[in-house]
Amino acid sequence: MVLLNFVLAESALELVPREIWSRPAVVSDATRRERKAGEILLDRSFHHSAMERLRDSEKRGRPDLVHITLLDVTGSPLYLDGRVMVYVHTYPDTVIEIEPKTRIPKNYLRFRGLMEKCLVERPTTGLLRVRQMSCSALLKMVGPGGAYGLSVRGKQSSLPDFAKRVADEGNACVVVGGFPHGHFSAETARSFDELVRIDSRPLEAHVVAARLIYQVEEAIRFND
Ligand SMILES: C[S@@+](CC[C@H](N)C(=O)[O-])C[C@H]1O[C@@H](n2cnc3c(N)ncnc32)[C@H](O)[C@@H]1O
């Protein structure tokens, strides 16, 4: 039975947006890969110059961060036991719902290919399912447990205490930002019941995710 809903929110994972399809950095990358511009992932490593004028540019184009975080979450014993439901909410409000126990490719190029196929074909059944919805709509759908946003701007809590509350609650949603810089949008932040800080320093999303899941495992071990 699922114990924890893990949401990676406003993630820097999206297909190249139409407004920059004709920019030279995008055209050359798409040509090199023999793909259409709208069918490849936006990636700052290749499209930096084309991204300059994109809205919220600093939060976008880092699919590698999403990959690392998913590997940490899906490699955990809690996930392997089928007790974590993972949702990747992306900057353009696409949600990828990952069936519990689904394995994510460890090789980045295979992950990129899988995400591109998923975002182009938008399957509604199978191991990876795609919906168009905001993070706040997702949290309402996943309810009725509490929705906890994690942020360096939140109220300080010790991670073991926070993980124990989440484990005791049973069907809580924990939301980590899947972006490299910046903070949750005002709309996303409004949908949290609480905003929690687990360290005074800003940490990487994958570090926060791995530590949280480990502490939830410890909390249920203690409860058992
Ligand atoms: C690389 S950070 C995003 C940058 C942002 N300036 C920040 O630190 O919140 C990625 C995500 O990790 C989580 N995070 C990072 N540091 C945290 C902290 N000290 N406490 C709680 N969550 C944190 C947040 O969910 C954040 O959105």
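A polar contact here is a pair of N or O atoms within 3.5 Å; within protein, one must be able to donate a hydrogen and the other to accept it, and residues adjacent in sequence count only if both atoms are side-chain atoms. The model is predicted, so local features need pLDDT of at least 70 and side-chain atom pairs pLDDT 80 or more, while totals for chains, interfaces and linings use all residues. Residues are numbered from 1 along each chain as its sequence is written, and side-chain values use heavy atoms, with hydrogens and water left out.

Take the ligand to begin with. One of its nitrogen atoms lies 2.8 Å from a backbone N or O atom of Arg-201. An oxygen atom of the ligand is 2.5 Å from a backbone N or O atom of Leu-150, and a polar backbone atom of Ser-151 comes within reach of a ligand nitrogen at 3.3 Å. On its own the ligand exposes 530 Å², and the protein buries 93% of that (Shrake-Rupley method, 1.4 Å probe).

Around the ligand there are 19 residues (a heavy atom within 4 Å), and Asp-199 and Gly-177 are among the closest. By type, the shell holds twelve nonpolar, four polar and three charged residues, with Gly counted as polar. Strand β5 gives the largest share, three residues (strands are DSSP E runs of at least two residues).

Then there are the salt bridges, 14 in the whole structure (a Lys or Arg side-chain nitrogen within 4 Å of an Asp or Glu carboxyl oxygen). In one of them, Glu-10 meets Lys-59 at 2.5 Å, N to O. That pair links distant parts of the chain, 49 residues apart.

Notes: Helix = DSSP H or I, 4+ residues; strand = E, 2+ residues; numbered from the N terminus.
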